[in-house]
Amino acid sequence: MALDLFHQKHPDYIINLAGWDVSDYSLPFPYVNSKTLEIHQLNDLYNKCAAGLVISLTNMSLTAA
């Protein structure tokens, strides 16, 4: 819901989803499905993003410091 509200208020931002393949989900906003990425690929993606949202409490070590 938070990402849908964000998209409604900021439709010019690209929402990137990483960590798993979300192609089987019906999400109410446009997004880039980055699926599972290698550590160096995560770094490249993080460097292109203005903000991040971590939902997993088990993989926070892979977030940008």
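**Entry 1: Ser 34**

I began with Ser 34, which sits in strand E2. Helices (H or I, at least four residues) and strands (E, at least two) are DSSP runs, numbered from the N terminus. The model is predicted, so I noted the limits: local features need pLDDT of at least 70, side-chain atom pairs count only at pLDDT 80 or more, and totals for chains, interfaces and linings use all residues. Residues are numbered from 1 along each chain as its sequence is written, and side-chain values use heavy atoms, with hydrogens and water left out.

Is Ser 34 buried or exposed? I found a relative accessible area of 17%, so Ser 34 is buried. Buried means under 20% relative accessible area, exposed means over 50%, and partly exposed is in between (1.4 Å probe, protein chains only).

Next I looked up the contacts of Ser 34. Contact means heavy atoms within 4.5 Å. I left aside neighbours within four places in sequence, and found Asn 16, Leu 17, Ala 18 and Leu 45.

**Entry 2: Gly 19 and Lys 35**

I moved on to Gly 19, in the loop between E1 and E2. Gly 19 and Ser 34 are 15 residues apart in sequence. In space I read 7.5 Å between them, C-alpha to C-alpha. Gly 19 touches Lys 35 and Thr 36, not counting residues up to four places away in sequence.

Lys 35 is also worth a note. Lys 35 is found in strand E2. Its phi is near 55 degrees, a positive value in a residue other than glycine. Lys 35 has 42% relative accessibility, so I put Lys 35 down as partly exposed.

**Entry 3: the whole protein**

I stepped back to view the whole protein. How many helices and strands does the protein have? I counted two helices and two strands. Along the sequence they follow the pattern α-β-β-α.

I checked burial across the chain. Of the 65 residues, 14% count as buried. The protein exposes about 5,500 Å², and carbon and sulfur atoms supply 57% of that area. Accessible areas come from the Shrake-Rupley method with a 1.4 Å probe; for residues, only the protein chains shown count as cover.

Then I looked at contacts over sequence distance. I took contacts between residues at least 6 apart in sequence; 17% of these join residues at least 24 apart.

Confidence came last. pLDDT is the predictor's confidence in each residue, from 0 to 100. The protein averages 87, and 88% of the residues score at least 70. Which element has the lowest mean pLDDT? It is helix H2 (residues 39–46), at 88. Helix H1 (residues 2–9) has the highest, at 96.

**Entry 4: Ile 15 and His 7**

I turned to Ile 15, in the loop between H1 and E1. At 8% relative accessibility, Ile 15 counts as buried. Not counting residues up to four places away in sequence, Ile 15 touches Leu 3, Phe 6, His 7, Phe 29, Pro 30, Tyr 31 and Val 32. I also checked one distance from Ile 15. Its C-alpha atom is 4.8 Å from that of Tyr 31, 16 residues apart along the chain.

His 7 lies in helix H1. His 7 is buried, with 16% relative accessibility. Which residues does His 7 touch, not counting residues up to four places away in sequence? I found Ile 15, Phe 29 and Pro 30.

**Entry 5: aromatic residues**

I searched for aromatic pairs and found two in the structure. One of them joins Phe 29 and Tyr 31, edge-to-face, at 6.1 Å centre to centre with 70 degrees between the planes. Rings of Phe, Tyr and Trp (its six-membered ring) pair if their centres lie within 6.5 Å; planes under 30 degrees apart count as stacked, over 60 as edge-to-face and the rest as tilted.

I compared burial in this pair. Phe 29 is buried at 9% relative accessibility, whereas Tyr 31 is partly exposed at 27%.

**Entry 6: the surface and the start**

I looked for a nonpolar patch on the surface. Trp 20, Tyr 25 and Leu 27 form one, with about 310 Å² of accessible area together. Patches are made of residues with over 30% relative accessible area and no salt bridge: like charges are joined within 9 Å, nonpolar side chains (Val, Leu, Ile, Met, Phe, Trp, Tyr) within 5 Å. A salt bridge is a side-chain nitrogen of Lys or Arg within 4 Å of a carboxyl oxygen of Asp or Glu. I placed Tyr 25 in the loop between strand E1 (16–18) and strand E2 (32–35).

I finished at Met 1, in the segment before H1. Met 1 is exposed, at 87% relative accessibility. The C-alpha atoms of Met 1 and Pro 28 are separated by 8.7 Å, though the two are 27 residues apart along the chain.
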